[in-house]
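Please read the following report on the inside of a protein chain with the structure open beside it. The report goes through some strands, helices, cores and aromatic rings in turn.

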Amino acid sequence: MTETNPELFDLRMSDKAQPLMAAVKKHLEDNVAPITEEFFALNNEKEDRWTWHPRQLELLEGAKTKAKESGLWNFFLPNAETGQGLNNLDYAYIAAELGKFPLGSESLNCSAPDTGNMEVLERVGTPEQQEKWLEPLLNGEIRSAYVMTEPNVASSDAKNISTTAVLEGDEWVINGEKFYISGAGDPRCKILIVMVKTSPDAPAHLQQSQILVPKDTPGVEVLGPMHVFGEDHAPQGHMHMRFDNVRVPKENILLGEGRGFEISQVRLGPGRIHHCMRSLGKAEQALELMIKRGGSREAFGKKLIKLGKNVELVSRARIEINAMRLSVLQAAKAMDVLGNKEARVYVSAVKAMVPEKVCTIIDQAIQMHGAAGMSQWFPLAGLYADMRHLRFADGPDEVHHMVVGRAEIQKHDLW
């Protein structure tokens, strides 16, 4: 990680992206904010938690249609004809705005894990794979899931993945168990990208492959939802799954046998940046709530916001949000200038820093709200759970600190 390249300090949004940013803000204010309260209130009217209320889909599809008609669609694909052709830096600015609205990303077809899965299919999928799965994903007609983490091994080291795929004739036969598979509970989820071990005798980094598995394939079992701080996040969920002699055509492999790690580098770099920028939008939301609550209540003869070190908490939150924003923008710029592989230290640095600091800001906002901050009256408890889980998603803090620390130590020839 070096700061000698002056390009890495030019963090301006491009001229062509600025009108798009203005249009995104207007879309969020005009088409997303007005439907949000009704959308989530409808969860209480569903007979089955694992379905969508028809009115929810009507509201969401209406916002998506308006976004598509305005050309605000698939921003996340960098330098791609299938998206807006934005670079990572430009999209990073937009992702921060999307993070302020719980329906913002999906209204522009920019939701994880679809974003990463679409990028993989766009980069390495065959024409047949793209026609069958990428096109409906790009059109926002279906959802997808990325299936990697396993309950019985330390999945932060992907070499430990034990779910097997064995080639029998013209079919891969998949067996294994996975958990915390985000989005796999959604009835709109139709396709899975599954990380499997196909080549146990190959070098460690060439043993894994990624295979496309339609969710309705016989032997794909959804055992139930894993909870995040007591929440099941229905209907998308984070599912516990079993693959029991699941058979798919050999043509469903992505890129080729033993290239699973290579594919991961396609999806994880940009995906981590998107997560971090959306997280900054949530930090901004928490800071705003903190200030409004502190300014609306009095105790011991003063506004809460002026008691104790609360003014300093606001100051530190603003300073840290600004510092995080600059760091994430630089990581995005590093991907544009250096490429995803060479930018990995920058990406790991922000992935380690941002969720932890945003967690702290949200926690302080909860404290300012008193007991109500933990309740359903405010979004803070959900924001905190989302940020706390992000310290595991796409690699735990410790893995990213190891990447950054190792790079520093290597500068002194001590690794």
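Predicted model: local features only at pLDDT ≥ 70, side-chain atom pairs only at ≥ 80, totals over all residues.

Strand β5 pairs with strand β4 (residues 189–197) in the antiparallel sense, over seven bridges. Within this pairing, methionine 195 has glutamine 210 of β5 as its bridge partner.

Helix α3, which runs over residues 88–98, is mostly covered, with 11 of its 11 residues buried. Among these buried residues are Asn88, Asp90 and Glu97, together with Leu89, Tyr93 and Ile94. At the start of α3, the backbone nitrogen of leucine 89 has a side-chain oxygen of asparagine 87 within 3.2 Å.

In soluble globular proteins, nonpolar side chains tend to be buried together. Here the largest nonpolar core has 92 residues, and Phe75, Ile94, Ile273 and Met277 are those with the most contacts inside it. Helix α9 (residues 344–368) gives the most to this core, contributing 11 residues. Another core, which lies apart from the largest one, has 20 residues, including Ala184, Val196, Phe243 and Ile253. Which residues does methionine 277 touch, not counting those up to four places away in sequence? Methionine 277 touches Ala92, Tyr93, Ala95 and Ala96, and also Arg325, Val328 and Leu329.

The aromatic rings give another view of the packing. A pair of aromatic rings is described by the distance of the centres and the angle of the planes. The structure holds four aromatic pairs, and two of these are set out below.

| Ring pair | Distance of centres | Angle of planes | Kind of pair |
|---|---|---|---|
| Phe39 and Trp52 | 5.8 Å | 50° | tilted |
| Phe179 and Tyr180 | 5.0 Å | 65° | edge-to-face |

The pair of phenylalanine 39 and tryptophan 52 links distant parts of the chain, because phenylalanine 39 lies in helix α1 (residues 18–41), while tryptophan 52, 13 residues apart from it, lies in the loop between α1 and α2 (54–69). Both phenylalanine 39 and tryptophan 52 are buried, and together with Phe40 they form one aromatic cluster. The ring of tryptophan 52 also has the charged end of lysine 46 sitting over it, 5.6 Å from the ring centre.

Are phenylalanine 179 and tyrosine 180 buried or partly exposed? Phenylalanine 179 has a relative accessible area of 18%, which is under the 20% limit, so this residue counts as buried. Tyrosine 180 has a relative accessible area of 34%, which lies between 20% and 50%, so this residue counts as partly exposed.

Helix α1 also holds threonine 36, which is buried, with a relative accessible area of 16%. Leaving aside its neighbours within four places in sequence, threonine 36 is in contact with Pro102 and Leu103. Threonine 36 and glutamine 56 are 20 residues apart in sequence, and from C-alpha to C-alpha they are 9.7 Å apart in space.

Notes. Residues numbered from 1 in each chain as written. Heavy atoms only, no water. Core = buried A, V, L, I, M, F, W, Y, C linked by side-chain atoms within 4.5 Å. Buried < 20%, exposed > 50% of the residue type's maximum accessible area, 1.4 Å probe, protein only. Helix = DSSP H or I, 4+ residues; strand = E, 2+ residues; numbered from the N terminus. Contact = heavy atoms within 4.5 Å. Phe/Tyr/Trp six-rings, centres within 6.5 Å; stacked < 30°, edge-to-face > 60°. Lys NZ or Arg CZ within 6 Å of the ring centre and 35° of its normal. Pairing = 2+ DSSP bridges. Polar contact = N/O pair within 3.5 Å; in protein donor to acceptor, adjacent residues only side chain to side chain.
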